[in-house]
Amino acid sequence: RWYTRYCLQSHWRFNDRVINVHGGRGCPFTCNFCYHHSTPRFRSMNIAMDAAGRALARFNGNMLYFSDETTLYSPSRAQQMLEGIRALPKRVEYSVSSRFDILDKINDDLLREMKETGCRIMGLGIESGSDRILKVIGKAFSSQTILRGLERLKKFGILPTVSVMIGQLTETAQDAEASIALMRESVRYNKNIQYAFTIATPFPGSKLYDLIFQKGYLRNDKEFYDLYFQNKRGDFKHVVNLSSMSDEELIMMYNKIQNIYREEKSKINKTGVAEVEFLMRGAAAVHEFLDRKVKADPLLKKACWMSILDKARQWLYEFIQIRLDKFRLRLRGVLPWS
């Protein structure tokens, strides 16, 4: 429900009850920004789905979230996941992570089966629209592979959530503009694509982290942590500028891609979506305000009638939000009107 309060999008819904499922650890790929480079250890899909089934029953879940890189490692692994989904005691929807080179290997029949068994979301890392930077990162695919994958997800009705980083090693303003161009093209093609943007950060355990010490950008681990956690408000700031841009240019490009993304989204969603989402946020704010008032007043908390009133208020709040949520998703074209 955090998303329907602070980050409304097409992917998550007010009445989702999400169960995490872990398919394994480690990663066989070698992206320079990632710290998951240990040998992959695949969890048995039978064991993973058995645990998922028990958690769905215990917590009345309706959505599975496969939270690791190994669940959709290959088409055969995807087929095992589908068999496990079908064997669950009730129908659920699910979110799964993948890579564009793996998505390229999953044929249309398998992708159609994923949608039919409840695949709502696929999380993917674009990282850059520049073929040169994709090679620098260590990605084994091109920008055309990315666009082809996004078109296929749109075709089968699976909602993509993707990420792009600005400021990769040796990245130029021209490379960043390629990311902006790819983002703009994909948003215009699919209004329900959800982007996240970051500044490239050399996290401990990654190749980039080793590089910052080899090149003398930083002296030790403590210096990295002091820089990373210097901003207490939580606003994102870069630790080390690894790009070929100046610090000012890097921040400018980071802000530019976010601004253009917001502009493109606002152009597309002109069908009352913003007004409905404004009502949802307003209802949530009022509900939270009343919660705080009750908790802050000891007399109200002790009043015998307050528990009945609270239950009625909670029921009304959920009734309103669920219906507004369905309405906005229909306006977005995610749910049918019938």
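Is K115 buried, exposed or partly exposed? K115 counts as partly exposed, because its relative accessibility is 33% (buried means under 20% relative accessible area, exposed over 50% and partly exposed in between, with a 1.4 Å probe and protein chains only).

## Basis of the model

This is a predicted model, in which local features need pLDDT of at least 70 and side-chain atom pairs count only at pLDDT 80 or more, while totals for chains, interfaces and linings use all residues. Residues are numbered from 1 along each chain as its sequence is written, and side-chain values use heavy atoms, with hydrogens and water left out.

## K115 and helix α5

K115 is placed in helix α5, residues 108-116 (helices are DSSP runs of H or I with at least four residues, strands are runs of E with at least two, and both are numbered from the N terminus). Leaving aside neighbours within four places in sequence, K115 is in contact with R91, F156, G157 and I158 (contact means heavy atoms within 4.5 Å). K115 and E151 are 36 residues apart along the chain, and their C-alpha atoms are separated by 15 Å.

Two packed helices are described by the angle between their axes and the distance between the axes. Helix α5 packs with helix α7 (residues 143-156) at an angle of about 50 degrees, with the axes 10 Å apart (axes are lines fitted to C-alpha atoms, for helices over the stretch in contact, and angles run from 0 to 180 degrees between N-to-C directions). That angle makes α5 oblique to α7 (angles under 35 degrees count as roughly parallel, over 145 as roughly antiparallel, 65 to 115 as roughly perpendicular and the rest as oblique). The crossing of α5 past α7 is right-handed (a crossing is left-handed if the near helix is turned anticlockwise from the far one by less than a right angle, and right-handed if clockwise). D108, L111, R112 and K115 of α5 meet R152, L153, K155 and F156 of α7. By class, this contact of α5 with α7 has three nonpolar, no polar and five charged residues (Ala, Val, Leu, Ile, Met, Phe, Trp, Tyr, Cys and Pro count as nonpolar, Asp, Glu, Lys and Arg as charged, and the others, Gly among them, as polar).

Helix α3 (residues 75-86) also packs with α5, at an angle of about 30 degrees and with the axes 10 Å apart. The two helices α3 and α5 are therefore roughly parallel to each other, and α3 passes α5 in a left-handed crossing. The contact is formed by P75, A78, Q79, M81, L82 and R86 of α3 together with L110, E113 and M114 of α5. Its residues comprise six nonpolar, one polar and two charged.

## Packing of α8 with α11

Helix α8 (residues 173-189) and helix α11 (residues 247-268) pack at an angle of about 10 degrees, and their axes are 10 Å apart. This makes α8 roughly parallel to α11, and α8 passes α11 in a right-handed crossing. On the α8 side the contact is made by A173, A176, E177, S179, I180, M183, R184, V187 and R188, and on the α11 side by E249, M253, K256, I257, I260, Y261, E264, K265, K267 and I268. These residues divide into ten nonpolar, one polar and eight charged.

## Nonpolar cores

In soluble globular proteins, nonpolar side chains tend to be buried together. The largest nonpolar core here has 57 residues, and those with the most contacts inside it are L64, M81, M114, M122 and Y195 (a nonpolar core is a set of buried Ala, Val, Leu, Ile, Met, Phe, Trp, Tyr and Cys residues joined through side-chain atoms within 4.5 Å). Beyond its neighbours within four places in sequence, Y195 is in contact with I126, V162, V164, L182, M183, S186, V187 and Y261. Another core, of 17 residues, lies apart from the largest one and includes L169, A200, L211 and I212.

## Residues with positive phi

Most residues other than glycine have a negative phi. N60, which is not a glycine, has a positive phi of about 55 degrees, and N60 is found in the loop between α2 (45-59) and β4 (63-66). E127 also has a positive phi, near 70 degrees. E127 is found in strand β6, residues 119-127, and is buried, with a relative accessible area of 6%.

R132 lies in helix α6, residues 131-137, and counts as partly exposed at 37% relative accessibility. Residues up to four places away in sequence not being counted, R132 touches T170, E171, T172 and D175.

Y228 is found in helix α10, residues 221-228, and is partly exposed, with a relative accessible area of 29%. Apart from neighbours within four places in sequence, Y228 is in contact with T201, F203 and V239.
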